[in-house]
Amino acid sequence: MIEVVNAASLATVQDLGRYGALNLGVGVSGAMDPMSLAAGNILLGNEENAAGIEIPVFPFSVKFRTAVNFTITGADAPANLDGFALLPWWLHRAEAGQTLTLTLPQSRRWRASRAYLCVQGGIDVPMVLGSRSTQLRGAFGGFEGRPLRTGDCLPVKPSLALNAAFGLVPPALALPLICDGVPAVRVLPAAEYQDYTSEAQNALWTCAWKITPQSDRYGYRLAGDPLQPTHPLELRSHGIVPGVIQVPHGGQPIIQMRDAQPSGGYPKIGTVIEADLWRLGQAPIGSSVRFVRCTWDEALDAAADNTQWLYHARRLVALQTMRERAA
Amino acid sequence: MSEPRPRLSLLGTSALLFEAPGETDHETQAMIWALSKEVQSWDGVREAVPGMNNLMINFSVPPRALERWEARLQDTWRTIKPLPLQGRLIEIPVIYGGEGGPHIDDVIAHTGLSIDEIVTIHSAPIYPVYALGSHPGYCYLGGMDARIATPRRKVPVLKIPGGAVSIGGNQTGVSASDGPSGWNTIGTTKMEFFNVERDSPALLAPGDSVKFVVQEVRR
């Protein structure tokens, strides 16, 4: 068991998402930065989809009731175990009774806002509709279908002794994407792109869009040049995905994120490609993001880059584990 | 003369959106259901999700040869036969007005009808379930009488309770759980639309129908 000692707010149990229940009205949920969750699991020898804790607000601390191997990936949140500093993106072990504390992320080396705590074997909450992710609107999945609170005890299995110590270079450093000095994500135009004025289309690709404080796991509300359509748009309700950039009447876009409802009716000017959702999921409130237009093939190549990075990480970990065994 | 073609558009690399041309109607929806069933079996498709006369096709593996894939979809649509789903009819008892229907006065003001007329008109039809979406267990219903159509609220309500029966534009629906909404709430029901503990968690499925039964009118 690990006990939550200090949960400021909104930390949730997440895996890579709940797929296949859209026909019940159930959205995907899952880690805002799936690369970091997968990497933490790879370091621990878990399945990439094992559940971890997504931590967006700091400080956050847990007490280990069981000896557990763990990782902290995602944001560079200074962490300590009973006062001893820990490296991020590195394999660690906690003995029963030790307390782990994470504090506000630093952006000296890479800019990110969410940390992931993964444990060997994964957070052992029940699988609901094919996933361990928290479904906040439906109040199921994760830990009792809600964000974590102080005093919650999460089920984990005890880990065997750790005889290796190694880490990974974060994808934020290995796969950077910057446009004119501003962190960027790639976007494919969506159904209503052609219904926007040329000024609006131009603004979409050139504006540094500010992520306002009204941004969370449901969606990011952006501030920038208002995007106006050439004529009023009335749409029928249809399925949408995380990454869709909707434009309500005011002209300030909203990007739907992992907890967004899986259908909607606002006009869509574009969609952040699936391969770049992890970058967006880490973008801090108050920071800016650029949209870079891409083609279908470029978007699939970007997904292949992520797959390649994860494959490389698995190989490194497998090699290291073999060396430790041989030694 | 060729018929207007359905519109295809990308939702990133996650999905493709297929939108049928023409007015929203039941015949087209039956074709969407048929297309959904067909496409669900295609390689690389994770889930085909009907909307209101449209279909979102979510990829497990997005196809490299997108144009060939789109052409296959258009060909399939041209030859598909409607799938007339005949589901169950579920009666939903509703308390109209009062505390559970805080926006009924706005519907009265907009339509110029009395509360009794609104209740009679709203509870008269058998509403077909076209699709599920929005949140777990929520149904998009067809067939609301245009006389009680009321525009969405200018300022959305941050939290309306599960069971809220509401009107948004020319659609009506029932919230399955607490959440934000821009629709006008005219009544409330105790019916449970989603329970993850059940074998089939959602009470309703496309092809089912809903009849609102007047339990009480609170003036």
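The largest share of the lining of the second largest pocket, five residues, is contributed by H5(A). The model described here is a predicted one. In chain A, helix H1 (34–44), helix H4 (277–281) and helix H5 (296–326) each give at least two residues to the lining of this second largest pocket. The pocket contains about 750 Å³ of space. Its lining is made up of 22 residues, and those nearest the centre are Glu274(A), Ala275(A), Ala303(A), Asn306(A) and Thr307(A). By residue class, the lining of the second largest pocket consists of 14 nonpolar, four polar and four charged residues.

Rolling a probe the size of a water molecule over the atoms shows where empty space is left. Three cavities of 30 Å³ or more are present in the structure. The largest cavity holds about 160 Å³ of space. It is lined by 14 residues, with Tyr19(A), Val28(A), Glu274(A), Ser14(B) and Asn58(B) the closest to its centre. From chain B, strand E3 (45–50) and strand E4 (54–59) each provide at least two lining residues of the largest cavity. Seven residues of this lining are nonpolar, three are polar and four are charged.

The second largest cavity has a volume of about 80 Å³. Of its 13 lining residues, Val28(A), Ile240(A), Val241(A), Pro242(A) and Pro262(A) are the closest to the centre. Eight residues of the lining of the second largest cavity are nonpolar, four are polar and one is charged.

The overall form of chain A was considered next. Chain A contains five helices and 21 strands. Its radius of gyration is 20 Å, close to the 20 Å given by the globule rule for 327 residues, so chain A is as compact as a globular protein of that length. Along the principal axes, the C-alpha atoms of chain A fill a box of roughly 65 × 35 × 30 Å. Of the 327 residues of chain A, 58% count as buried. Among contacts in chain A between residues at least 6 apart in sequence, 76% are between residues at least 24 apart.

Helix H3 (residues 198–206) of chain A has Ala200(A), Gln201(A), Ala203(A), Leu204(A) and Trp205(A) as its buried residues.

In chain B, Thr185(B) is located in strand E12 (residues 184–188). Is Thr185(B) buried or exposed? The relative accessible area of Thr185(B) is 3%, which is under the 20% limit, so this residue is buried. Leaving aside residues up to four places away in sequence, Thr185(B) touches Gly100(B), Gly101(B), Pro102(B), His103(B), Ile104(B), Ile160(B), Ala164(B), Val165(B) and Ser166(B).

Technical notes: Residues numbered from 1 in each chain as written. Chains lettered and ligands numbered in written order. Predicted model: local features only at pLDDT ≥ 70, side-chain atom pairs only at ≥ 80, totals over all residues. Heavy atoms only, no water. 1 Å grid on protein atoms, 1.4 Å probe; cavity = no way out; pocket = protein on both sides within 12 Å on 5 of 7 lines; lining within 4 Å. Points joined across faces, edges and corners; volume = space filled by probe spheres on them. Helix = DSSP H or I, 4+ residues; strand = E, 2+ residues; numbered from the N terminus. Nonpolar A, V, L, I, M, F, W, Y, C, P; charged D, E, K, R; others polar. Rg over C-alpha atoms; globule rule 2.2 N^0.38 Å. Buried < 20%, exposed > 50% of the residue type's maximum accessible area, 1.4 Å probe, protein only. Contact = heavy atoms within 4.5 Å.
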